[in-house]
Structure formats: structure tokens, C-alpha cells
Amino acid sequence: MVSLPESIQAVHPARRKLIAHAERVLEGFATPCEIILAQGEVLRVGTAAPKFRVVFHDDRVLLRGTDEFSFAQAFVNGDMDIEGDMMSFFDVRTKLKSMLGMSAFTRFWTQMLFQNPTQVNREAIRHHYEFGADFFLCFADQGYHLYSHGFFDSDTETLERACERKLEVMFDWTRMKPGMRVLDIGAGWGAVIRYCAPRGVHVTSLTLAQDSHRHITQMLKDNAFIGQVLLEDFLVHRPAEPYDAIVILGVIEHIPYYRKFFERAYDLLKPGGRIYMDASADIEKFMVSRY
């Protein structure tokens, strides 16, 4: 059973509302688990050692409400962590899926905590990238088809030059040299392979989008480029040996589990190897500064 200290009920009515949701979600589950509040209070299910726990590091997380965005933001910002056996989540997820009238709180736990992360990735890609290569390439630069922002030196500079400059920075910063092996997480439309292959660098690009995979496969064939594109999630990618460098262009914005992401990236990188990552995001859509 879930237990809540009386002090919390008396002092924090907003928390009490959150706990009521948690009790409804967790009530009756056989899997032992814990929710640990920022001041150290523990809500526990079962008497055995918890298989997993959710840890809040900031009381304000509980006061912002129980909507999906608030909890997702807290997870990304490090105000909340999930610890323990991930396989135990699947048991809970199965039971959650059988519940009717799921609240926003329940949907958050189902999607962000209990759903297989690779499935989360596939669903996000399907909603965003599966519109056909022609659609995306109509507004991409014509040189490399870079599907993220470029580095502009002036207001009059072309998109093509700005995108090429960005790839130059990527290449130089990761210290790429002919013969090196590079992992490109999020292949887009093949910009990293287009830039690196003629310079003797073997790129393995990962994508979850069928359109992207088909486009890059044909590009490799047409240009006789070295490299490969795999229709595979980086969380399950297992190369024969680690990579000399990892490139992540405009992908991290879509990933809600930073710690898991970088733990996996660390395992895929040779000692001394470098990761080049960029991103562009803001709290309010279209409000990113142009400076």
C-alpha cells in the first residue's frame, strides 16, 4: 500500500493532489516501488525492496501541477530521476494500459517511464519525419541536405555556405582524419556522410525513419561513398568496436532521457574520442533569438 506522512497532507495541499493521483496509479500493483519526495518523504508500494524508484529533487516540481509537460520538463532539467530495474516498468505498464480514463499524470508515467524508450523514439520519428524526402529536401540546403541549423557569418550569406561551415566546425572539432570511424546519431538526409565520406571518414548513420533510410541508401549507391546507414535505434546499436567520434546534430531536443542517452554514447565512444552535439530549443515555440 502507498503510505503518506501526515505532515505532508497538512502542509502541502498541492502535493496531496499529486499523491492522490499516484495512489490511484500504484494501488494494487504487486511490484514493489518507491516515490521519494524532495524533503525525503517516501511513498512505498509493497514491503519488499523496491524494484524501481522515482526521486524528486525539487519541491516546486510537485507544485507546478500534474500535467505531462511539467513532469517531462522536470525530468529533462534533472529535478526528477528514475532509478532501478527498467524491466519492472514493463509490468507496471501492462497494468496501466488496462486502466480506463487515464489522467494526464497516468499518461505521463505510461509514456515517459514505463514505455520502452526505443518505442518512444520510433513514435516520435513517425510523427515528425515520415512525410517523404521530397518534402524535407525542398527547404534544405542544396549542397549537403543538412536538417538542422547552419552557422551564418553574415545576414547575406547563403544557406549552403552556412551549412557547409557548420560541417567544417564539426569535422575540425572532432579531429576527424581519413580512416576514422564516426557514429552519426540521427541521419537526417545524409549530411554527415556527404561531407565526411569524400574526406576518407567512414560514417555509420543511424535513423528510425524509413524515408531517411531509403534516401541515404540510394545516395551511398549513387556516389559510391564509404559508410553505411542503419535503420536502428542508438540504444540498441552494438558495433564491433567503439567509434572515434560521435555526431549528434539537432537530435537531442527529441530525447527526454538525457542520462540514458549519454551513458549509451559513452559506451559507444573510444577513450579520448569526442562528441559533437548541437541543439536549438526554447520554452515557447518560435521564440528562439536570432542573435
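These are my notebook entries on a predicted model of one protein chain.

**Entry 1: the whole chain**

I began with the overall count. The chain has twelve helices and nine strands. I then looked up how much of it is hidden: of the 291 residues, 45% are buried. I also checked how far along the sequence the contacts reach. Taking contacts between residues at least 6 apart in sequence, I noted that 60% join residues at least 24 apart.

A reminder to myself: strands in a sheet pair through backbone hydrogen bonds, and they can do so parallel or antiparallel. I wanted to see where each kind turns up here. Strand 1 (residues 33–36) and strand 3 (residues 52–56) run parallel, with four bridges joining them. Strand 3 and strand 4 run antiparallel, and five bridges join those two.

Cys33 stands opposite Phe52 of strand 3. Ile35 has Val54 in strand 3 as its bridge partner. On the other pairing, Arg53 is bridged to Glu83 in strand 4.

How many residues of strand 3 are buried? I found four of the five, so strand 3 is largely enclosed by the rest of the structure.

**Entry 2: Ile35**

I stayed with Ile35, which sits in strand 1. Is Ile35 buried or exposed? Its relative accessibility is 8%, and the cut-off for buried is under 20%, so Ile35 counts as buried. I also took a distance from Ile35 to Phe52: the two are 17 residues apart along the chain, and their C-alpha atoms are separated by 8.8 Å.

**Entry 3: helix 9 and what comes after**

Helix 9 covers residues 159–173. I checked its length against expectation. With 15 residues at 1.5 Å a residue, helix 9 should span 21 Å, and its end C-alpha atoms are 21 Å apart, so the two agree.

Then I listed its buried residues: Ala162, Cys163, Arg165, Lys166, Leu167, Met170 and Phe171. I note that Arg165 and Lys166 are on that list. What do the buried residues of helix 9 pack against? I found helix 10 (191–196), strand 8 and strand 9 (269–278).

Helix 9 is followed by Arg175. This residue lies in the loop that leads from helix 9 to strand 5 (181–185). Most residues other than glycine have a negative phi, so I flagged this one. The phi of Arg175 is positive, near 60 degrees.

**Entry 4: helix 11 and what comes after**

I ran the length check again on helix 11 (residues 210–223). The buried residues of helix 11 are Asp211, Ser212, His215, Ile216, Met219 and Leu220. Where do they sit around the axis? They cover an arc of only 160 degrees, which means they are on the same side of helix 11.

After helix 11 comes Ala224, in the loop between helix 11 and strand 7 (228–231). Ala224 isn't a glycine, yet its phi is positive at about 55 degrees. I looked up its accessibility as well: 67% relative accessibility makes Ala224 exposed.

**Entry 5: His237**

My last stop was His237, in the loop between strand 7 and strand 8 (243–249). Is His237 buried or exposed? At 4% relative accessibility, His237 counts as buried, even though its place is in a loop.

Which residues does His237 touch? Leaving out residues up to four places away in sequence, I got Leu183, Thr204, Leu206, Leu230, Glu232, Tyr243, Arg264 and Leu268. With Glu232 there is also a polar contact, side chain to side chain, at 2.6 Å.

Notes: Residues are numbered from 1 along each chain as its sequence is written. This is a predicted model: local features need pLDDT of at least 70, side-chain atom pairs count only at pLDDT 80 or more; totals for chains, interfaces and linings use all residues. Side-chain values use heavy atoms; hydrogens and water are left out. Two strands pair if DSSP finds at least two bridges between them. Buried means under 20% relative accessible area, exposed over 50%, partly exposed in between (1.4 Å probe, protein chains only). The arc is that of the directions from the helix axis to the C-beta atoms. A polar contact is a pair of N or O atoms within 3.5 Å; within protein, one must be able to donate a hydrogen and the other to accept it, and residues adjacent in sequence count only if both atoms are side-chain atoms. Contact means heavy atoms within 4.5 Å. The expected span of a helix is 1.5 Å times one less than its number of residues.
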